[in-house]
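Here are my notes on the model you sent. Please read them with the structure open.

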Amino acid sequence: MRPLLSLLSPAGARGRLSILIWHRVLPAQDAIFPEEMHAARFDATLGWIKRAFNVLPLHAAAAQLKTGTLPARALAITFDDGYEDNHSVALPLLRKHGLTATFFIATSFIDGGRMWNDTVIETVRRASVGAFDAGEFGRYELGDANTRRAAIDSLIGKIKYLGFDARRAAVDALAARAGVTLPHDLMMSADQVRDLKAAGMTIGAHTRSHPILAKIAQEDALAEIAQGRAELEEMIGERVTLFAYPNGRPDQDYRSEHVVMVREMGFDAAVSTTWGASRHGDDPFQLRRFSPWDTSRGKFLTRMGFNQLRSPAKIPLA
């Protein structure tokens, strides 16, 4: 695959930058989320990546993309949100393979916080077998991993685009209805974030509380981006130059005004979740990200090759 990938992503101005995105690397496969990345699969995937691509830190890759000086088969690795397993599981495997990654951290969840979607997941995971009354969101029969996954997907879909306060109230009510005790160790501590930095990883901003920027007032969006960055800079003791839009879908999750905010705040680059590989001349504040879900080397690399050919539409700047 290396020769084909080199044709699709040559060195220089015709080069393309693949950016991979993950959220978690679980210690072992989860019955409810069997597709979620776990340690054994991540170990194998990093081996495929190292043999097929030139892996760069994202800040260096973004700068070389801008100047048209990327190496052939350029790739960067990223993680979103700040899960504890990024430190305990992903970091040792990245170090084993001699690779680096960028970790985009939503700061309000550091040191014992929990994201709203994880409240839904862990509530349903821990709820008793039988009928679960989710109030205005419906009634669910919970039994095996499949029924629990279906309930989780349904509830997240119904709650995701509520306003911040309404969403938090909704998930807290779900946990109360289920009568479960929820974990407080899903996200990293500040010490673990600093440890990632000390290990040669890059820390990027991801807002403070992970709101859908397109759903909140502009002044609130500006504060979320600025405060999240400031808290990270205080945490790690250096400038934070990279940003990831929460959820990251253009027009739906963020709009052109948010791109302008990020650019005018002095970030060097920002990433979306639009599929594809970025090219020289693309907007450095809307870099594309994608991760194949395949579990075999051939299919993984083939899908990476097809991803090089994608050319999604860009959002015009205001």
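1. Start with arginine 16. Arginine 16 is buried yet makes no salt bridge. Its nearest side chain of opposite charge is aspartate 282, 8.4 Å away. Buried means under 20% relative accessible area, exposed over 50%, and partly exposed in between (1.4 Å probe, protein chains only). A salt bridge needs a side-chain nitrogen of Lys or Arg within 4 Å of a carboxyl oxygen of Asp or Glu. For charge, Lys and Arg count as positive and Asp and Glu as negative, while His and the chain ends are not counted.

2. A word on the basis. This is a predicted model, in which local features need pLDDT of at least 70 and side-chain atom pairs count only at pLDDT 80 or more, while totals for chains, interfaces and linings use all residues. Residues are numbered from 1 along each chain as its sequence is written, and side-chain values use heavy atoms, with hydrogens and water left out.

3. Arginine 16 itself sits in strand β1 (residues 16-22). Strands (E, at least two residues) and helices (H or I, at least four) are DSSP runs, numbered from the N terminus. Beyond neighbours within four places in sequence, the contacts of arginine 16 include Leu70, Ala74, Ala277 and Leu309. Contact here means heavy atoms within 4.5 Å.

4. Aspartate 81 has phi near 100 degrees, a positive value in a residue other than glycine. Aspartate 81 belongs to strand β3 (residues 74-81) and is buried, at 5% relative accessible area. Aspartate 111 also has a positive phi, near 65 degrees. Aspartate 111 lies in the loop between β4 (102-105) and α5 (116-126), and is exposed at 53%.

5. Now the salt bridges. How many does the structure hold? The count is 19. In one of them, arginine 125 pairs with glutamate 122, with the closest N and O atoms 3.1 Å apart. The two residues are three apart in helix α5, so about one helical turn separates them. Arginine 125 is partly exposed at 29%, whereas glutamate 122 is buried at 6%.

6. Look next at helix α7 (residues 164-178), where aspartate 165 and arginine 168 are three residues apart, about one helical turn. Their side chains meet in a salt bridge at 3.5 Å, N to O. Aspartate 165 counts as exposed at 53%; arginine 168 counts as partly exposed at 45%.

7. Arginine 208 and glutamate 231 form a salt bridge at 2.7 Å, N to O. This pair links distant parts of the chain, 23 residues apart: arginine 208 is in the loop between β7 (202-205) and α9 (218-236), and glutamate 231 is in helix α9. Arginine 208 is partly exposed at 31%, and glutamate 231 is partly exposed at 27%.

8. Finally, asparagine 146. This residue lies in helix α6 (residues 145-159) and is exposed at 61% relative accessible area. The C-alpha atoms of asparagine 146 and glycine 82 are 27 Å apart, with the two residues 64 apart along the chain.
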